[in-house]
Amino acid sequence: MRKELKCIRSVAGSEFIMWVTNPRMVIIGVFLIFMRTLAVEPLLERAVKMGVPLDRLEPFAALGNSGVLVMLMPCVFLVLIGDYPKLAGNTLFFVQRAGRRSWFLGQLAFLALADAGFLGMTLVGSVLTSKGAFTGHWSDAVTKYDAHFPQEAGNFTSSLLPSNLYNQMSLVTAVARIMALMGAYLFLLALMIYFFKLLHMQAFGFLAAMLLVAAGVVTCSLKTKLMWLFPMANTIVWLHFEEILREPKLPVWHSYLYFAGAISVFLILCGIAAKRLQFINAEAG
């Protein structure tokens, strides 16, 4: 068991190092600039107009609840993860050294690390580019702004942190749910790409993941009940709640169950595909 864990760590570690040192990671910097423009700066402007400090976690909460940004995050992650895990010329060597089971589990561990790393960089980036304190509570710049400036109610900035969110839960709870649900969403997309890559259908896997994101965007925009069939609606926390009433439109635990079921299905499919994987078609590395 100890030897197997060592092999799993080795496979996951080598993949993760290749991932974070890939020049493509510069996209993270571009994404953080978009994030600051679309989420951080509008909230900071509110705080200045109100004359109150912003909580540094609020921009991340906005990031996880804005339709535009929730669409952008998985797209950026898909671009970063699209070429991984690698099935290069030395893959067969890794499999022979580690064993097929350890290699497969190591690849899954890498996907989890990439998921957590991307979310972590996003959270840290939103905190560092913001101003304010860590209070753990919604600021007046979020909860009372529309009352002080009713002429601005309903604009884009208001949609970043709607009352469906701050009326229903604390800031810390909102951030925790965003991390959990967005993490599950990104991991599901990564598993989808991995499954089709194991079938030597990498391009189709990337296309299928992008179509899944697009379907979520369309159904969320139309606010139809079909939106709950796709990951995006299940990721956006405020969609689960009424604006004022405590009664949820859809309990958040339904979304946790949704992701648990979808991820379990793809884990099984990936396991079957890994057992049948033929390395003769592996990419030349």
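Which residues are exposed on the other side of helix 1? In this predicted model, the exposed residues on that other side of helix 1 are Arg2, Lys3, Lys6, Arg9 and Ile17.

**Helix 1**
- Helix 1 covers residues 2-20, which makes 19 residues, and its span of 27 Å from the first C-alpha to the last is close to the 27 Å expected at 1.5 Å a residue.
- The buried residues of helix 1 are Glu4, Cys7, Ile8, Val11, Ala12, Glu15 and Trp19.
- As a general point, an α-helix has 3.6 residues a turn, so residues three or four places apart point the same way.

**Helix 2 with helix 4**
- Helix 2 (residues 26-50) packs against helix 4 (residues 67-81) at an angle of about 175°, and their axes are 11 Å apart.
- Since an angle over 145 degrees counts as roughly antiparallel, helix 2 and helix 4 are therefore roughly antiparallel to each other.
- On the helix 2 side, Ile27, Ile28, Phe31, Phe34, Leu38 and Ala39 take part in the contact, and they meet Val68, Leu69, Leu72, Met73, Val76, Val79 and Leu80 in helix 4.
- The residues of this contact comprise 13 nonpolar, no polar and no charged.

**Ser139**
- Ser139 is placed in the loop between helix 6 (100-128) and helix 7 (140-143), and it counts as buried because its relative accessibility is 8%, where buried means under 20%.
- Although Ser139 and Asp55 are 84 residues apart along the chain, their C-alpha atoms are separated by 6.2 Å.
- Leaving out residues up to four places away in sequence, Ser139 touches Pro53, Leu54, Asp55 and Glu58.

Conventions:
Residues are numbered from 1 along each chain as its sequence is written. This is a predicted model: local features need pLDDT of at least 70, side-chain atom pairs count only at pLDDT 80 or more; totals for chains, interfaces and linings use all residues. Side-chain values use heavy atoms; hydrogens and water are left out. Axes are lines fitted to C-alpha atoms, for helices over the stretch in contact, and angles run from 0 to 180 degrees between N-to-C directions. Helices (H or I, at least four residues) and strands (E, at least two) are DSSP runs, numbered from the N terminus. Angles under 35 degrees count as roughly parallel, over 145 as roughly antiparallel, 65 to 115 as roughly perpendicular and the rest as oblique. Contact means heavy atoms within 4.5 Å. Ala, Val, Leu, Ile, Met, Phe, Trp, Tyr, Cys and Pro count as nonpolar, Asp, Glu, Lys and Arg as charged, and the others, Gly among them, as polar. Buried means under 20% relative accessible area, exposed over 50%, partly exposed in between (1.4 Å probe, protein chains only). The expected span of a helix is 1.5 Å times one less than its number of residues.
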